[in-house]
Amino acid sequence: MIKSQLILSGLLLTSSLPAYAVVDPLTPQSAEYQVNYGSIELGRARYQLPAPEGNIYHYRFDSDLSLLMLTDKRTIKSTFSFDGKKLTPMRYIQQRTGTGSDFSDQTAYVLDQKLVHSSYKDKRDKFPYTDDLYDPLSAQLQFRLDITAGAKTMHYDLLKSGKVDDYDFKVLGQERITLESGSYDTVKIEVVRESTKRQTFFWMAPQLAYLPVQLTHYEKGSKQLDIKLLNYQFEQNAIGQTRIKGSISEHLDAENGDTGNSDTGKENKTQQPTLESKVTSPEGTTDAKAETKPETEPEPGFKP
């Protein structure tokens, strides 16, 4: 079985972001990641956050992973509201298909009753609603908001798979890392656990609104899963924020002196900064537990 929880990995392609290119964790955006188990590429995962409808947001995750003849495809959607500081989940839906049993996981937050209705596979249940209770997708964005606000330790309760689990995180410090897609100044985060048999680290880029650029998970000291950002895009919004976009192909174009748009009839892309650097401590991966038989369960949280 392969379990993966994605929260995901971004590219900077010139020397510094333009002062007018202001982004925050809730800026409309998309990001695509490559998921590896050891040296084996399992597939791709993609996150999409379109422009909100008033103060209502819809966040989406799609993954398509495979190992040998085994497959796992997921579509996950989270709907939440935002009061300017905190996210409030409203609805969460996960649909899984592939090798083994298909299943769905759904939750509905009935705030006026302080209840959360859960339906996981054939099990239905109710849970009390608390202010620190999130679904796995909305928790990722709340995490980025809290880090942006300067938090050094974080605690969240996540309702997933028909049960509530608590998650704790701490900031380890700053680190510059280099991936095939580029080099990044990052903040390194660790999932707090009582035992070191399972360790999860991820690296987030402050200049990209703390978008994760890499997530690495270890089991008994051995790297199990590695998730790395392939490309990202922050869209323009109603007040004219500049589009920020990065990809491996753009990085190669920049090296060749081509900063224009390769698509005919479109405007030139905004050139992005490249931070020249070397990896100081290449450890880190996604939280996902992989065995030789993948009934993949890539739940998009911070902890496997």
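**Close-up 1. Helix 1, end to end.** Helix 1 covers residues 136-148, and its 13 residues reach 19 Å from first C-alpha to last, close to the 18 Å expected at 1.5 Å a residue (the expected span being 1.5 Å times one less than the number of residues). Helices (H or I, at least four residues) and strands (E, at least two) are DSSP runs, numbered from the N terminus. This is a predicted model, where local features need pLDDT of at least 70 and side-chain atom pairs count only at pLDDT 80 or more, while totals for chains, interfaces and linings use all residues. Residues are numbered from 1 along each chain as its sequence is written, and side-chain values use heavy atoms, with hydrogens and water left out.

Close-up 2. Since 11 of its 13 residues are buried, helix 1 is largely enclosed by the rest of the structure; buried means under 20% relative accessible area (1.4 Å probe, protein chains only). Among the buried ones are Leu-141, Phe-143, Arg-144 and Ile-147. At the start, a side-chain oxygen of Asp-135 comes to within 2.9 Å of the backbone nitrogen of Leu-137. After the helix comes Gly-150, with a positive phi near 100°.

**Close-up 3. Strand 15 and its partners.** Strand 15 (residues 222-234) has 10 of 13 residues buried, so the rest of the structure largely encloses it. Strand 1 (residues 29-37) runs antiparallel to strand 15, joined by eight bridges, with Ser-30 opposite Gln-233. Strands pair if DSSP finds at least two bridges between them.

**Close-up 4. The hairpin of strands 14 and 15.** Five bridges join strand 14 (residues 211-219) to strand 15, again antiparallel, and Tyr-218 sits opposite Lys-223. Two residues lie between the strands of this hairpin; Lys-220, in the turn, has a positive phi of about 50°.

Notes
Buried < 20%, exposed > 50% of the residue type's maximum accessible area, 1.4 Å probe, protein only. Polar contact = N/O pair within 3.5 Å; in protein donor to acceptor, adjacent residues only side chain to side chain.
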